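Please have the sequence and the coordinates open while reading.

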Amino acid sequence: MEESLIKRLIATIKCGTCGRNYEEEDVEVIEHADGLWFLRVYCSFCNVKCLVAAIIRRNEKPEVITDLTEVEVERFKDLEEVREDDLLDMHNFLKVFDGDFPRLFRQ
Ligand SMILES: [Zn+2]
């Protein structure tokens with residue numbers, strides 16, 4: 001079940017830079033809760049790394065909500081290390097999050 005979901009998701013997302021589809025080995029799942037998935041992807045063609053957030057619902061086409069380019073990842077990587085509290089926050093956040101990323105990023 002989970003594997004086929006991931007395959008569908010990978011088939012859906014394309015590199016934001018060159019437009020190629022990712023290979024299965026280029027995609028790493030960081031975190032998922034219900035239908036919301038956070039992935040780390042690497043395009044072996046143009047060497048761009050992205051973080052992708054996507055929603056997968058049963059029997060529906062996966063929907064990619066946002067991705068971050070390597071530059072944006074660089075910006076975030078020097079932030080403080082993730083602690084247990086942060087994971088708990090993330091968990092609580094995902095429980096109530098409605099998937100509205102555009103609104104989230106405007107805040
Ligand atoms: Zn690419």
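Does C46 count as buried, partly exposed or exposed, and what is its relative accessibility? C46 counts as partly exposed, because its relative accessibility is 24% and the buried class ends under 20%. The model discussed here is predicted.

## Overall layout

The chain has 107 residues, and 27% of them are buried. Its secondary structure amounts to four helices and four strands. In sequence order these elements follow the pattern α-β-β-β-β-α-α-α.

Contacts were also sorted by separation in sequence. Of those between residues at least 6 apart, 36% join residues at least 24 apart.

## Zinc site

The zinc ion is coordinated by the SG atoms of C15, C18, C43 and C46, at 2.2 to 2.3 Å. The angles among the four donor atoms run from 105 to 119°, and the site is tetrahedral. Along the sequence the donor residues are spaced C-x2-C-x24-C-x2-C. Within this set, C18 and C46 link distant parts of the chain, being 28 residues apart. C18 sits in the loop between α1 (2-12) and β1 (27-33), whereas C46 sits in the loop between β2 (36-42) and β3 (49-55).

C15 is buried, with a relative accessible area of 4%. C18 is partly exposed at 30% relative accessibility, and C46 is partly exposed at 24%. A disulfide is a covalent bond between the sulfur atoms of two cysteines. A search of the whole structure finds zero disulfides.

## Nonpolar cores

The largest nonpolar core holds 16 residues, and those touching the most other members are L9, I13, Y22, L39 and V41. The elements giving two or more residues to this core are α1, β2 and β3. A second, separate core has seven residues, including L36, F38, I55 and F97.

L9 is in helix α1 and is buried, with a relative accessible area of 1%. Apart from neighbours within four places in sequence, L9 is in contact with W37, L39, A54, I56 and P62. Between L9 and L39, which are 30 residues apart along the chain, the C-alpha separation is 10.0 Å. With neighbours within four places again left out, I13 is in contact with N21, Y22, L39, V41, V52 and V64.

## Salt bridge

How many salt bridges are counted? The count comes to one salt bridge. It is formed by E28 and R40, whose closest N and O atoms are 3.1 Å apart. The pair links distant parts of the chain, with E28 in strand β1 and R40 in strand β2, twelve residues apart.

Each partner is assigned to an accessibility class from its own value. E28 is partly exposed, at 42% relative accessibility. R40 is partly exposed as well, at 38% relative accessibility.

## Two loop residues

Most residues other than glycine have a negative phi. N47 has a positive phi of about 60° although it is not a glycine. N47 lies in the loop between β2 and β3, the loop that also holds the zinc donor residue C46. With a relative accessible area of 46%, N47 is partly exposed, because the exposed class begins over 50%.

D100 is in the loop between α3 (84-96) and α4 (101-106). Its relative accessible area is 28%, so D100 is partly exposed. The C-alpha atoms of D100 and I65 are separated by 8.5 Å, while the two residues are 35 apart along the chain.

Key
Residues numbered from 1 in each chain as written. Predicted model: local features only at pLDDT ≥ 70, side-chain atom pairs only at ≥ 80, totals over all residues. Heavy atoms only, no water. Donors = N, O, S within 2.8 Å, 3.2 Å for Na, K, Ca; no water. Tetrahedral: all angles 85-135°; square planar, octahedral: opposite > 155°, others 65-115°. Buried < 20%, exposed > 50% of the residue type's maximum accessible area, 1.4 Å probe, protein only. Core = buried A, V, L, I, M, F, W, Y, C linked by side-chain atoms within 4.5 Å. Contact = heavy atoms within 4.5 Å. Disulfide = S-S within 2.5 Å. Salt bridge = Lys/Arg side-chain N within 4 Å of Asp/Glu carboxyl O.
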